[in-house]
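Subject: Structure handover

Hello,

Here is the structure you asked to take over. My notes on it follow below.

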Amino acid sequence: MMKLIDITDKYGLETCKYPLEPYLVPETYRGQPKYKFDLCIGCAACSVACPPNAISVKAVDTKVVWEFDCGRCIFCARCDEVCPTGAIRLSTEYELAAKFDKSALIQRGEMDMASCAECGKLYSTKRLISYTLRKLELSNLSEERIKNAKFYVNLCPECKSKKAILSLETEAKEIL
Ligand code: SF4
Ligand code: SF4
């Protein structure tokens, strides 16, 4: 026993007092992803990038529901890398045990959907459309191109394709 105390005196303590004291992790530690609902635009990039499908982004009635299940997370940080707004970031939180209340592992957000300017179908989140319009304003495209792009941003994919084909046909007729 005395020998052990001598070794500790010589080399210092290698163990930590956790859980009696907080365990300090490095800043780059990959802990629980934290979701900031106010920053989320519902683009679904995180959901597409997430290998174990811990994040889902689904249309439910008139809302887009964003949901994260930490029980499936492998802390790979792909969501953090691809999120364009910083709405999901890995934190240094490591105390994730949930024995009785598994809902503590779920983070969730609901966003209003926007309707297509042509057919009225719900097709995206209002936030994503506003975000895209803001980005267009900041781009160095010509006014004409921005106007054209804004028109298409407000259309659902089907109406967008129909309008694009019509516009190409009109242009082709003018050339011929
Ligand atoms: S850290 Fe990886 S596994 Fe966890 S939610 Fe993000 S992408 Fe999915
Ligand atoms: S804004 Fe970020 S958190 Fe929200 S859906 Fe897009 S990638 Fe995911």
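**Notes on the structure**

S124 is buried, at a relative accessible area of 13% (buried means under 20% relative accessible area, exposed over 50%, and partly exposed in between, with a 1.4 Å probe and protein chains only). S124 belongs to strand 6, residues 122-125 (helices, H or I with at least four residues, and strands, E with at least two, are DSSP runs numbered from the N terminus). Apart from neighbours within four places in sequence, S124 is in contact with D112, M113, A114 and I129, where contact means heavy atoms within 4.5 Å.

Before you read on: this is a predicted model, in which local features need pLDDT of at least 70 and side-chain atom pairs count only at pLDDT 80 or more, while totals for chains, interfaces and linings use all residues. Residues are numbered from 1 along each chain as its sequence is written, chains are lettered from A and ligands numbered from 1 in the order in which they are written, and side-chain values use heavy atoms, with hydrogens and water left out.

**The two ligands**

Ligand 1 is surrounded by 13 residues, and the closest are C50, C73, C76, A77 and C79 (a residue is near a molecule or strand if one of its heavy atoms lies within 4 Å of it). By class, the shell around ligand 1 has 12 nonpolar residues, no polar ones and one charged. Here Ala, Val, Leu, Ile, Met, Phe, Trp, Tyr, Cys and Pro count as nonpolar, Asp, Glu, Lys and Arg as charged, and the others, Gly among them, as polar.

Around ligand 2 there are also 13 residues, the closest being C40, C43, A44, C46 and C83. The shell of ligand 2 divides into 11 nonpolar, two polar and no charged residues. C43 counts as partly exposed because its relative accessibility is 32%.

**Cysteines**

How many disulfides does a search of the whole structure find? The search finds zero, a disulfide being a pair of cysteine sulfur atoms within 2.5 Å. C159 is buried, with a relative accessible area of 7%.

**L155**

L155 sits in the loop between helix 5 (143-153) and helix 6 (157-175). Is L155 buried or exposed? L155 counts as buried, since its relative accessibility is 0%. Leaving out neighbours within four places in sequence, L155 is in contact with C116, A117, E118, Y123, K160 and K163. L155 and E93 are 62 residues apart in sequence, and their C-alpha atoms are 41 Å apart in space.

**Helix 1 and the backbone**

Just after helix 1, G12 has a positive phi of about 85 degrees. P19 is in the loop between helix 1 and strand 1 (33-35), and the peptide bond joining Y18 and P19 is cis, with omega about 10 degrees.

Most residues other than glycine have a negative phi, and most peptide bonds are trans. D61 is not a glycine, yet has a positive phi of about 55 degrees. D61 lies in the loop between strand 2 (55-60) and strand 3 (63-69) and counts as exposed at 71% relative accessibility. F75, not a glycine either, has a positive phi of about 60 degrees. The place of F75 is the loop between strand 3 and helix 3 (78-82), and F75 counts as partly exposed at 24% relative accessibility.

Regards
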